[in-house]
Amino acid sequence: MYTPAIKSRFLVAALLGMTNLSSRAKPSLSSRAKPSLSSRAKPSLSSRAKRGICFYALLVTTACSNGAPGGPATRQGSTLASIRARGAVKCGITQGAGFATPDDSGHWRGFDVDFCRALAVALFNDPNKVQFVPFTQQQRFSGLQSGEVDLLANGTSITSSRALERNFHFGPVYLYDGQGFLTPKSSKVERAAQLNGATVCVQQGTTTELNLTDFARRNSISFKPVVMEDLRAAVGALAGGRCDAISQDGAGLATTRTMLRNPNDYVVLPDRISKEPIAPVVRFGDDQWLEIVNWVFRAPVQAEELGIDAKNIAGFSGTSDPTIRRFLGFEPGISNGFGLDAKWPYNVISTIGNYGEIFERNLGPSTPLGMDRGLNKLWTNGGLMYSPPFR
Amino acid sequence: MSRETRAAFSRATVAQAIGLGVSAAVVWWLARNTQMNLEQRGLSLGFDFLRQPANFDIGDTSGLPFNPADSFGRAILVGLANTARVSVIGCALSIVIGFILGLLRLSSNPAWRGIVRAGVELMRNTPLLLLLLFLAALLHNMPAPRNAFEPLPGVFLSDRGLVLPLFSRPRLVGFNFVGGVSLSPELAALVGALVMHHSAQVSEIVRGAILGVSRAQGDAALALGFTRLQAMRFVIVPQALRAMMPLLATTCVSLTKNSSLAVAIGFPDVVSILNTTANQTGHSIETMLIMIVVYLSLSLLTAAMINRYNTRLLAVGG
């Protein structure tokens, strides 16, 4: 007989409550989901139990962790200490082509993955000292809050309520995006405002539902939302004609389009109905960790601005340019705060590459996603990517 | 009361008091830890968010008026109405169809018996989620609204669901039908899957209960000149009903809980709405508490109603 989802979630919560699992024991519960080539944003339905555990991880830990040692690291300096003790960064990601997907050999690749690896290089000089924990959009915040991961790099956009009401800190924006629509070419829709009365499939657990409703109210039109938990269900509904459009972040739409059988029969409308600044998220209360994340995420942008990439970086070792010497750590004492290796920016760029390389490799025109840099160009080229100075 | 009885009584009382004390201590310990950990994270518990505007829309509202400016509380109410609608329709259909299937399995016609048996086994041994996704995919591939199938004037069947000409005559405007009453394909898929799965279970309950009635009862009825149908109707089924009522109650309760699978296909049931609410407001613990209370009350309510009927049944039959 089928065990109802609710019942199993409740049972799991109850069982964990009885056995007093500390959150340090939790990582064993966090399933590393099986690789499935899907969109940025999705759970495999095969793992309902896992999802139940993750979604209510917050409840379990808050009820059981007792604030004792082993509780979620939120005190000053404790995140870095537990990463050092563990020997790896734990990075919360959301699977999706171009952003985080395991390749044939199970090696994670993607835009978000590269930034997580940059952290591992800065801390351990080894891009593989990182554990990837896949979350759905619905589980991610509980996963971070319960201490299951050290940060989220999974397409979460900065919003005031997440920062002010839910006590999360955001690092630098590493992708500027906006919500749009994907429609079949056969519907002959060219602008979002023409979608009045349309049935729009959206995925649960994001700000998408909110933006969609705001857009409709602003333009005095109406949509019929069909809210799916699994993005693949939404893709099936669009392909079958149940929905007239799918609405999500622009980068997500590029990924979703590749999931359709005939991607060329579908078009991403030019309208962007919201601002989605994508940034890494960390828990409240550990400024040291926040600053490490801040500067590691900025380094690839700074490198691109200075004209440094993975291929030419070795040639800069003899440079006399003081800005570059400081940035790459040839002059000690500038980059080595918090006990990081003084040459961590050098290591990051030589292993992972600069921002342009990371973008082109995972999302750019030569990839199936075929995204234009747009707002993500450097500020010197008319975009918004700008790093505060390394000095 | 003899001395031994009194001693046994007080021993039982002490044991129960200890049991109660231990349970209370565990609950208190969990609650205190929750509170401490929430404070540590700078979070607070509270249900004030229920009055905030929801700012999201709901595709299928069971006929309740809802717009995005309404509160989260109202959105949850709409979700609850959707869950209740699915549960009531699903439970009623499962019992009726299951009853017929159960009787057919006992039919003297081997063809009927075989067909029903194959169908029931197929449904009982297929995961409900699979059935649900299959039905949803099937209904999503119906013709587009422009090419909707119109079996009767004003009745349209398309991938937007079934539109009936009640209250006003539906017509196609742009992407969708306006007017009339429409049943969404998600509702149809959910009710369909739940009914298929649970009516198979009901049919087994019915079959078992009927076989449990003494053979002599049927033989006696036939000897008195009843036809087979009359013997079933007046002698066997009334006795079998008493055996099946508690099991039917359990089936309805489990159908109610299984309706939470709606979230997989995009039907806005109470779990789906609460998930969205938790995500927009960050109040995961409160929404989970609401979820527990909702399912507990729905289950207890269903059980209470069927038990009441069962008590009446027992009072009537000798």
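Let's start with Cys116(A): leaving aside residues up to four places away in sequence, Cys116(A) touches Val89(A), Cys91(A), Ile93(A), Val130(A), Phe132(A) and Ala153(A). Bear in mind that this is a predicted model.

**The nonpolar core**
- The largest nonpolar core has 162 residues, and Cys116(A), Leu132(B) and Leu190(B) have the most contacts inside it.
- The element that gives the most to this core is α5(B), with 14 residues.

**Helix α4 of chain B**
- Helix α4(B) covers residues 128-140, and its 13 residues should span 18 Å at 1.5 Å a residue; the end C-alpha atoms are 18 Å apart, which agrees.
- Buried residues in α4(B) are Leu128(B), Leu131(B), Leu132(B), Leu133(B), Leu135(B), Ala136(B), Leu139(B) and His140(B).
- An α-helix has 3.6 residues a turn, so residues three or four places apart point the same way.
- The packing partners of the buried residues of α4(B) are α9 (231-240) of chain A, along with α5 (185-212) and α7 (228-258) of chain B.

**Helices α7 and α9 of chain B**
- Two packed helices are described by the angle between their axes and the distance between the axes.
- For α7(B) and α9(B) (residues 284-316), the angle is about 165° and the axes are 9 Å apart.
- These two helices, α7(B) and α9(B), are therefore roughly antiparallel to each other, as angles over 145 degrees count as such.
- The crossing in which α7(B) passes α9(B) is right-handed.
- Residues making the contact include Leu241(B), Met245(B) and Leu248(B) of α7(B), and Leu298(B), Thr302(B) and Ile306(B) of α9(B).

Key
Residues numbered from 1 in each chain as written. Chains lettered and ligands numbered in written order. Predicted model: local features only at pLDDT ≥ 70, side-chain atom pairs only at ≥ 80, totals over all residues. Helix = DSSP H or I, 4+ residues; strand = E, 2+ residues; numbered from the N terminus. Expected span 1.5 Å × (residues − 1). Buried ≥ 20, exposed ≤ 12 C-beta atoms within 10 Å, placed from the backbone. Contact = placed C-beta atoms within 7 Å. Core = buried A, V, L, I, M, F, W, Y, C linked by C-beta atoms within 7 Å. Axes fitted to C-alpha atoms, helices over the stretch in contact; angles between N-to-C directions. Parallel < 35°, antiparallel > 145°, perpendicular 65-115°, else oblique. Left-handed = near helix turned anticlockwise from the far one by under 90°.
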